[in-house]
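Visitor: Please take me through the terms applied to this structure and the values on which they rest.

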Amino acid sequence: MEKLEKLVKELISLDGVRLLDGHPQGPSKLYRVGRYSFAVEKQDAILDALFVACERLAMLEAINSFLEFSLVSSEREKILKKFSENLEEALGVDGLLVRIKGESAFSKEGTFEGELQAFFSYEASLEEGFSCEYFFPQKVELDQRRVDFLIHAARVLKCVLEKLKGKEEIQKLKHSQEEQMRLIEFQREYIKRMRNIYYMSQAMRSVYSLNSLYSIILLSLVSDRGFDFDRAALFTREKERHVLVGVAWLGGEDEKEQEEFKRRLKSKSLRYTDAVQFLREEAVTLPLENTLTERIKGRLIYYRGHPIFERVVLRKSVLRISKRVIKTLGYDAEDILNVIDAEEFAVFPLVGRWDTLGVVIVDNKFTGRELTDLDLDSLKLFSESAGLALEGVINYEELKKNALDLQRQRDLVEYLRNFSESILESLDSAVIVLNSEGRIVEWNKKAEELFNNRKEALLGKRFRDLGENFEEISYIAENSLEKLEKISLSFYKFGERYFNLKFTPFRDLKTQRVEGIIITVDDVTEVYKMEEDRRRKEKLSTLGEMAAKVAHEIRNPLTVIGGFVKRMRKHLNDEETLKRYIDIVLDELMRLERIVQDILNFSREKEIAEFSNFDLNELVREVFVLFEGKFLEKRIDVSFNTNNARIEVVGDKVALKQVFINLIQNAIEATGDNGKIIVTTEDLGEKVRVKVWNAGPTIPLEIREKIFLPFFTTKTQGTGLGLAICKKIVEDRHKGRIWVEDVEKGALFVFELPKKPG
Amino acid sequence: MKKKILVVDDEPNIRDLLREELEEEGYIVDVAENGEKAIEKYFSGDYDLIVLDIEMPGMNGLEVAGLIRERKKDAKILILTAYSHYKYDLSSWAADEYVVKSIDFTELKEKVKKLLS
């Protein structure tokens, strides 16, 4: 059984696996392969599978070797003896007696001592009416695998014994042996896979950054040291938005590129003897930015209801999408089929402890190699391992973030007391500690980096003596120390950079004496720049949104006008039709004008307000006259209430008229035919309050905030500027206030104005 | 036999225009002013094609298209809209054709003809 020895050597070369001699001790997990026992430091699904496979292989080899022997031997006694020996070896037991119908054989020299019934035994009874009893001198744990093995062995033994009776059975036996060899081949391949996956998982567990992990995952899938797929694409999951986001795609664009890509990978992998090292080191320099990645990077796929991804993400399935399946998917999965233009591919989730964190797609587009069940089985194991590693990295990053938050929130004294200097040194924030005299007692590594100086040169120095740059900071520090107040500064400009600073005075917990001050400094220059960038982009996107909205608003009337003018040409002699068309065109032209007016109104920046003295109630009546036709047409019941017949205000009358027009226009649309509108003005002495109520639907809480934003609209027509204009006029120009009031029925808009501008 | 088309748009002028243009091409044209009515009509009549606007009060055109596609796999659906940015959006998956509104109706007529042939 030299094959077993080789296998054992390979197993103990794995990290965290130990060969045991004698009796196992300690809490480590135990595995058996034949007569060898192994201890494993950490429980691991891959090792589990690997050892189970090895144990199976040992069993298969034992049976195979028995079959080979029985093909050349015809002595019943010897065959039985060989049978018991091989089984003893495969099970790793200390002696085994096999008994069939009174005949028996013992694996050891000599005889089985003592009463058989007193020993541990198992009887394998086959349905065919053949029974084989196994006796062990010691207690043996018989798990399902071993029981299955004993039954299988009994079946083989039955075949062999039958062969002894007649020559015709020999063919059957040979066939059985071939079958056995095939199983062994498969098992060997499986073990190879498991071992590779174990290496991969080791490599994956050894990194702490997302990018390196992504690289290792993809490299494992396409390298000849790993799965050797043609291409692999990785997506991460954004749970809140129910989408998968494309990250990277490794492989070649076409056959030529693919060949080159594989050749390069191979020449690199040849330089390493250690697979783990290969994956870890090559992942660092692996270029993920390529034309394939460009095709999926940032691409969103909605997985809910998706014929492929819903199953992968939510049910954590590993799927093989074969040619046949692709045909039945049709347009439902076109989004992904168009991207992954392969005849067959596999999709699997990256599963953390609880949840799917990402999805990977692999294919053999160029070699055309079919995806086997073994591929899928091993991908399942790989997916769990990769998922756990991914979860680890994500947790690690969060931990890092939390540690920083914690440090800001918790009492820093406690923090410093409990954590060692090395943690202080490895912090992402610069930490400076001054004693009560303002002298430097701590200056960590990050502080050295930020301020470009050495701790040794600074200890004991007074903070304010460090130079001009530090003058302001030291002044704030002294202030904070003096008043025993925590002070935080955000985006403090220090030279070319921006810092978040926090000053925390601390006392000795026992004596309550002030001991000094801790200053934490975070370099937020990048954040500042990003924030600036974001603000700029936001502005641009509002502009873009406006342009899109306006274009849409204009396109509708344009289509109608153009369409009907063209029709006019065909009906030049039909006066009645022509008239109808002209009315429609005029109608749409008026709409265009309204849109243009809206935009102009909104974009008029800080126009000099023409303030005048006028009666607000009079203004309301003027606006009512404008809408009289509409009220009648839609049979809307309008009423006007006030607590003072005349309310004199000083304001921009034209602008305020616009406010009333917009509010009433909205009210008409909201309340609809046969609706109801109530306008109320209240003289409150210094100011005046106006309410515009309509009987339409109540405005949901979640949009009350947004309703005054420019270009926000729930209607399908209109620029979404009406209320934004109102807000601008009331709040910016008149220093008043406008809001949506909570009412049980209908919708109520309220605005208040000072009677005279401040 | 004349083919039947259901035109859905919330703007009466667009509806009238489409009706006249498509009737001239020899189709029987019915109209609906919103998504809910469109679905009701579509499944009670025997339409060969539905032409859908996207922005409508209530259910929008993309939702209508999705619902129809779910219930009738071989439905012919054409989206006609002033927006061009849904064209490659996943949300318009259910439509067979996507036409941006324009004064020139040639494209629309061609696509309608193609779908109904």
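Guide: Helices are DSSP runs of H or I with at least four residues, strands are DSSP runs of E with at least two, and both are numbered from the N terminus. Under that rule, chain B has four helices and five strands. Their pattern along the sequence is β-α-β-α-β-α-β-β-α. The model is predicted: local features need pLDDT of at least 70 and side-chain atom pairs count only at pLDDT 80 or more, whereas totals for chains, interfaces and linings use all residues. Residues are numbered from 1 along each chain as its sequence is written, while chains are lettered from A and ligands numbered from 1 in the order in which they are written.

Visitor: What makes residues of chain B count as buried, and what percentage do they make up?

Guide: A residue is buried if 20 or more other C-beta atoms lie within 10 Å of its own, exposed if 12 or fewer do, and partly exposed in between, with C-beta atoms placed from the backbone. Of the 117 residues in chain B, 42% are buried.

Visitor: Which residues are in contact across chains A and B, and how many are there on each side?

Guide: Contact requires that the C-beta atoms of two residues, placed from the backbone, lie within 7 Å. On that criterion, 18 residues of chain B touch 17 residues of chain A. The chain B side of this contact comprises 10 nonpolar, two polar and six charged residues. Here Ala, Val, Leu, Ile, Met, Phe, Trp, Tyr, Cys and Pro count as nonpolar, Asp, Glu, Lys and Arg as charged, and the others, Gly among them, as polar. Within chain B, 56% of the contacts with a separation of 6 or more join residues 24 or more positions apart.

Visitor: Why is strand β12 of chain A described as largely enclosed by the rest of the structure?

Guide: Seven of the seven residues of β12(A), residues 345-351, are buried, so the strand is largely enclosed.

Visitor: How do you know which strands pair with β12(A), and over how many bridges?

Guide: Two strands pair if DSSP finds at least two bridges between them. Strand β11(A), residues 319-321, has three antiparallel bridges to β12(A), and strand β13(A), residues 356-363, has seven. I321(A) is bridged to F345(A) in β12(A), and L350(A) stands opposite G358(A) in β13(A). Four residues lie between β12(A) and β13(A) in the hairpin that they form.

Visitor: Why do β15 and β16 of chain A count as edges of their sheet?

Guide: The open, antiparallel sheet has the order β15-β14-β18-β17-β16 in chain A. Strands β15 (440-443) and β16 (487-494) each have a single partner strand, so one side of each is without a neighbour in the sheet. Neighbouring strands are turned by 20 degrees against each other on average, direction ignored. Strand β16(A) pairs with β17(A), residues 497-507, over six antiparallel bridges; L489(A) has L501(A) as its bridge partner there. Helix α18(A), residues 471-483, lies across β14, β16, β17 and β18 and runs at about 25 degrees to β17(A).

Visitor: What makes helices α2 and α3 of chain A roughly antiparallel?

Guide: Angles run from 0 to 180 degrees between N-to-C directions, along axes fitted to C-alpha atoms, for helices over the stretch in contact. Under 35 degrees counts as roughly parallel, over 145 as roughly antiparallel, 65 to 115 as roughly perpendicular, and the rest as oblique. Helices α2(A), residues 45-72, and α3(A), residues 76-91, pack at about 165 degrees with their axes 9 Å apart, and are therefore roughly antiparallel. The contact holds nine nonpolar, three polar and two charged residues.

Visitor: What is noted about phi at H242(A) and R635(A), and where do these residues lie?

Guide: Most residues other than glycine have a negative phi. H242(A) has a positive phi near 55 degrees and lies in the loop between β8 and β9 of chain A. With 18 other C-beta atoms within 10 Å, H242(A) is partly exposed. R635(A) has a positive phi near 50 degrees and is placed in the loop between α21 and β20 of chain A. R635(A) has 9 C-beta neighbours inside 10 Å and therefore counts as exposed.
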